[in-house]
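These are my notebook entries on a single protein chain.

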Amino acid sequence: GEAEAEAAAAAAAAGSKNEGSSEDGDDEAEVAAALAALSRSIDAFMDQFAQLELGVLSTARPSILGRKASPEAIAARPDRRAFKEAHQHFCEVHRLMRGESDEALPAAAGSMQLLRQAALYLSDDEAAAKENVRAVPAETVEKLAALRAAGRRKAGGTVASALSQLRVALAGPLEAHSKLVAALGASQVQPVPAALSREAVTAKLNTVPTFCLLDGQSRVVGMREEEGATPTACFYTDPAEARAVLESAKRAMPDVRGLHLGVTPLGRAFAACGGWPGDEPQGHIASTLKLQGSAAVREQMGPFLREQAEKQGLPEAAWQLPVFCTDQLQSAHAMPFFLSREALVDAWVVAGLERDAVPDSLTAMDLRVLVHQMSTTDKFAWNTVNLLASREAVDLVSEAYAEGRAVAAARSGGGAAESAAAALDAAEAGGTG
């Protein structure tokens, strides 16, 4: 109810710090401790859910005649199937929540959605359930209501007992979440209209990953768009396109061993590709460097983004990269930007808003324009800006690091993989690419 709304507002309000301010170390430690406690508490709740599922799918009281049902017959009962489906649902919500970020603010928002849904599913009466309907997608409300009804088919039965135990177990995560929100509120610093330094802007960009092709020696690989042209090495922000390019490169260059994706923070890639006015693209790598979003969006929005940059007096660039935002996801203390419409829509749903209510028209601007404004104008509290990575990008980071480690192990018999950022470091020191 109202308490949850206040918790959401407090979490959103804690999204950023004033640049150059002296942060209270005690507050930071309290937030970190509260975040760790929430993570442990939710993990414990999910572990208990899994243990209860094992019992629900295999345990039943003997019949009046003393006959025991087989585990298969028990698992096939409607209330048992419903409990299993509920566990699968919450495992997926938990996975998505963990994929959002390990930062306190996204963790507070993502866990709030999981806890609302758990409270909705475990409510023992309809009136209590309605208190948790707000901010849960309508289709999820219907699904959980049906699963809840199926689990209560037999009062005092195995499933009803499991649900009762989960209701008790949910108290721990709810309390831990409240403590995290309180810690976030205590650490909040008011936004200040001011331009940010290059270092501060870069730090904000670096919360989002980009992906580029590396060879088996962890060197940046460029591809020729046409015969005789200078190779182009791209830092991809669209995970699907990065995966597709990797597979295409493996087919086109079968003699290049160990092709894999490297991960570079967006701020680092932005600088390497000449994103800052007056900077030239990285010159120590034998390829033209470009930041690249989805092909479909580039084709559709390219002219508009080039015109934006021209009106800001920015020099012509070989690439454009749109970022998206909407007023409905902003607050006085948080202004999230996304590198795709899809990522914004996902955040919209995680925030508990209806997918169908996403505005048709979103605010879009070229990344170079946003960076220029953040670093040169003081009419907005730029310290409230946050760039948020998509869940797909977070998943690909894990995959890319795992593949990189495998390539490094195959090359040297063990050892850690180099990242694309490490390859840039080597190039700046005079290495080849």
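**Aromatic pairs**

I counted 8 aromatic pairs in the chain, taking rings of Phe, Tyr and Trp (its six-membered ring) as paired if their centres lie within 6.5 Å, with planes under 30 degrees apart counted as stacked, over 60 as edge-to-face and the rest as tilted. I then examined F45 and F49: their ring centres are 6.1 Å apart and their planes stand at 70°, so this pair is edge-to-face. I note that a pair of aromatic rings is described by the distance of the centres and the angle of the planes.

The model is predicted; local features need a pLDDT of at least 70 and side-chain atom pairs count only at pLDDT 80 or more, whereas totals for chains, interfaces and linings use all residues. Residues are numbered from 1 along each chain as its sequence is written, and side-chain values use heavy atoms, with hydrogens and water left out.

How are F45 and F49 placed in helix 2? They are 4 residues apart in this helix (residues 25–56), which means a separation of about one helical turn. I found both F45 and F49 buried, where buried means under 20% relative accessible area, exposed over 50% and partly exposed in between (1.4 Å probe, protein chains only). Ring pairs join F45 and F49 with F83, F90 and Y121 in a cluster.

**Cysteines**

I searched for disulfides, defined as a pair of cysteine sulfur atoms within 2.5 Å, and the count was 0. For C234 the closest cysteine sulfur is that of C273, at 8.0 Å, which is too far for a bond. Is C234 buried or exposed? Its relative accessibility is 9%, so C234 counts as buried. C91, at 32% relative accessibility, counts as partly exposed.

**Whole chain**

I recorded 16 helices and 8 strands; helices (H or I, at least four residues) and strands (E, at least two) are DSSP runs, numbered from the N terminus. Of the 433 residues, 46% are buried. Among contacts (heavy atoms within 4.5 Å) with a separation of 6 or more, 75% are between residues 24 or more positions apart.

**Confidence**

I noted an average pLDDT (the predictor's confidence in each residue, from 0 to 100) of 80 for the chain, with 78% of the residues scoring at least 70. Over residues 1–24 the pLDDT stays under 50.
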